[in-house]
Amino acid sequence: MRIKRSRAFGITFLTTAVMLSATFTPSMADEGVLTIYTYESFVADWGPGPQVEEAFEAQCTCDVEFVSAADGVALLNRLRLEGGNGRADIVLGLDTNLTAEATESGFFAEHGLSLETTTVPGGWDDSYFLPFDYGYFAVIYDSEKIAEPPTSMADFLAGDDAKKIAIQDPRTSTPGLGLMLWIKDIYGDDWEEALEKLNARTLTVTPGWSEAYGLFTNGEVPMVLSYTTSPAYHMLVEETDRYKAAGFVEGHYMQIEVAGITVKGADNPLAKQFLEFMVSPTFQSIIPQTNWMLPVADTGNELDPAFLQAVPEKALLFSPETVAENRKKWVDEWLEVMSR
Amino acid sequence: MVGGDEPLTAVTPIAKGLAWSVLAALAILCVTPLVALGSIAASSLNLQEAVAHLTDPVVLRALRFTLIQAGLSTILSIALAIPVLIALRQTQSAGVTRIVRSLFALPLVLPQLVAALAIVAVFGQNGWLSALMDQMELSWPSIYGLAGILLAHVFFNLPLAVRVFDQALQSLPPEYEKNAAQLGMYGLRRFMLIEGVVIKDAIGGVATLIFLLCATSFTIVLVLGGGPRSTTLEVAIYQALAFDFDLGRALFLIVLQIVVAGAVVLAFFRRAHTDLGSSGFSLSAHVDTRAAMAGVRSWRPGAVILLALGVLFVGLPFAAIAIDGVASNPLTVWFRPSVMSAVWTSVVIGLSSALLAVLAATLLSNAGSGRMSSVLPMLALIFPPIVLSAGWFLTIRQYADPFGFAAMLVIVINAAMALPFVLRIIDRAFATHRARHSALEAQLGMGGWARWRLSLLPSLRLPLIVGFAFAFALSLGDFGVVALFGSDGLQTLPYLIYASFGSYRTQDAAALALLLSLLVFLAIALADFAARQDRNDLGARS
């Protein structure tokens, strides 16, 4: 699909007219096509998208069409800009910080599926969205520079200010929001002191995950906020165990990634079929080594132990409603302390 | 439209009409998204809320910081560019000059993420300089904070200023330099009397450009700013639009940014802008000044050191990119089908928008370099890409599937973003041409197409080529517009770089960043080569 489009590009360049007529050519009949909005790294060559598409098309004899936005937040905004009149049958890639607003938007229909197969920690009972993977936020450290990693959030916050961390901004980044909620969950109303300590521990606050992780891998900082599954990438792809996840006794905050059927998609039988496929072993076994997150259901075989570093006994998570209600207020408090 | 001097041949109504059409198209491009967003936000827009935003300490702090960092960045970039420029002008070696010119075209084109990491690799707390200092048992200061932001902005804009000034100085007639040499004027004194005048004239435009680029800086400000202390309005706009989806607040912040930046631009410009058209500098007469001057000018040690410092400052981060790139098996990455296809997409977008930008700049310059045609295109830089793409998305989807228009929109927006740079480059050449040749054109009754073919294009080929290459390079490095328009099918090289970074694939990203830098270097070097051929042709003819 992608390659076809970029070829169409030459035409674009040559004449606008061709472009215009191409745009108005009626698209393929909706029958047999499933349109999935998702985030970009899902459909990248190395992401789960290509394998998922192939596997599902083999069993549904239909055409899966991915449309991508930058990230989960951009996905929801795309829906809002479209006012519910978009092409999506399924939106895949929101997380639990967004589901309350997404449900409220009225763009989604109930999935009507059994929730038994999902094994996400803390259980799952959302009638609109179904999880497809999850992860725990964690402090990842460079073992060549840090010999004694912190074993708790308290330990980490009180740590050596010379060994700093790169974190992300909760105003622009999902992991950034995750760290903020993690600290809020542990310290509650008394989180100001914790934030002050975090401020002292922080080298810089980046707009997205990529910048912070880039600073980490190019050696500028010995610690970064990422996921417990990040070391698995370095172990399985780069064959190094230099980067490790620090397990915290207070527990780790979770991110659960979900998919839902749009109101338009409710009329497309393929949509429900896809969500069932999504929690099947075929889809779930693709997830770990393409999306570098944990599966939410049986994958049919043992998960590589690389994925189980620092997996906590206690999973922390605010309800979507709590996040939706308080996010703005908490971000303002975070901003106030971190700006000192 | 016309500034201080009236050319002998009046600007034809057609030329004026075309220039106005370009400005109108630009206005439509920028204002439509605001209207579209406004119509959605209409229900939540009220005066009370606007007042509340205006007294919001977060907004005020962001506004103040935006102005301070952009102002300081501009002053520093220009103040440091001038010594480097003087040193560059003293260089005898054409090879050195060419390499410096190509190198100095690179920074502005780098995706911000790549630039930030490259700067950190050299100047960061575990960077090369820090390691060097450690060996000498000295401590290296932390760059995170205002210092880091200024460092990065000077890295982006010092080379830009040098290039634009250098381009302006190309219009100096050789007689000036000969006379100066005969009068025994060297160094600073000569510079003040000759180059200084040209630079003083060009400074307003360059300063405005740099100010706007820095005022709307986003990734650099967050990464090197060290934390939310360093928040610009652009960050607040992004937050309001993308994360909070608070269209009313987003609109308010955009309008605030436009008003404040616009006021600064106008103030800047009123002071600095004077039309130089009447001074009659001739580009075509500047055949081979350097050869003529050989033996007169000496290659001073001070200049060598200055130029070396400038080249190191700009070059070291690229050395970091090159070292990382070479170490990550670039050849296996470059020839992947997805990469080849992204290069092709980038090049097609780049060529299309460069063509459009040069065309628009030509039409504007042809009608005279008035204040409107100089200032308005710059104002387009204030509009955050996310606003343009979200607004146009809303507008187009009322009539058609917006994704079908993504490519076209990216090309048009990239062209609009490159236009002020191209204008800086070709505007003066037009003025010069008009001052020198319009009388002759009028005498010969030359007009319309004949004037373009026989008079204008031959003498403007050089700046047009340089402008085209610059616009191409800018578009090649653009990420903002492509990213935010959502992209299935529109995978450019910067897009792939970001995607690789976003999926742990820092090695791929390093290889791709090297590829992007090489492509841009090549494009600029080619343009330089073509321009040199052009000069040789002229030399042979005269």
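Tutor: We will go through a strand, an interface and a chain in turn. Keep in mind that this is a predicted model.

Student: Which strands does S6(A) pair with in the parallel sense?

Tutor: Pairing is read from the bridges that join two strands. Here 4 bridges join S6(A), residues 165-168, to S7(A), residues 202-206, and the two run parallel. S6(A) also pairs in the parallel sense with S8(A), residues 223-227, over 2 bridges.

Student: Which residues stand opposite Ile165(A)?

Tutor: In S7(A), Ile165(A) stands opposite Thr202(A). Its bridge partner in S8(A) is Met223(A).

Student: Are the faces of S6(A) covered or open?

Tutor: A residue is called buried if 20 or more other C-beta atoms lie within 10 Å of its own. Both faces of S6(A) are covered: Ile165(A) and Ile167(A) are buried on one side, Ala166(A) and Gln168(A) on the other.

Student: How many residues of chain A are in contact with chain B?

Tutor: The size of an interface is often given as the accessible area lost when the parts come together. Counted by residues, 54 of chain A are in contact with 52 of chain B. Helix H1(A) gives the largest share of chain A's side, 8 residues. By class, that side has 24 nonpolar, 19 polar and 11 charged residues.

Student: What is the secondary structure of chain B?

Tutor: Chain B has 24 helices and 0 strands. Of its 542 residues, 54% count as buried.

Definitions and conventions: Residues are numbered from 1 along each chain as its sequence is written. Chains are lettered from A and ligands numbered from 1 in the order in which they are written. This is a predicted model: local features need pLDDT of at least 70, side-chain atom pairs count only at pLDDT 80 or more; totals for chains, interfaces and linings use all residues. A residue is buried if 20 or more other C-beta atoms lie within 10 Å of its own, exposed if 12 or fewer, and partly exposed in between; C-beta atoms are placed from the backbone. Two residues are in contact if their C-beta atoms, placed from the backbone, lie within 7 Å. Ala, Val, Leu, Ile, Met, Phe, Trp, Tyr, Cys and Pro count as nonpolar, Asp, Glu, Lys and Arg as charged, and the others, Gly among them, as polar.
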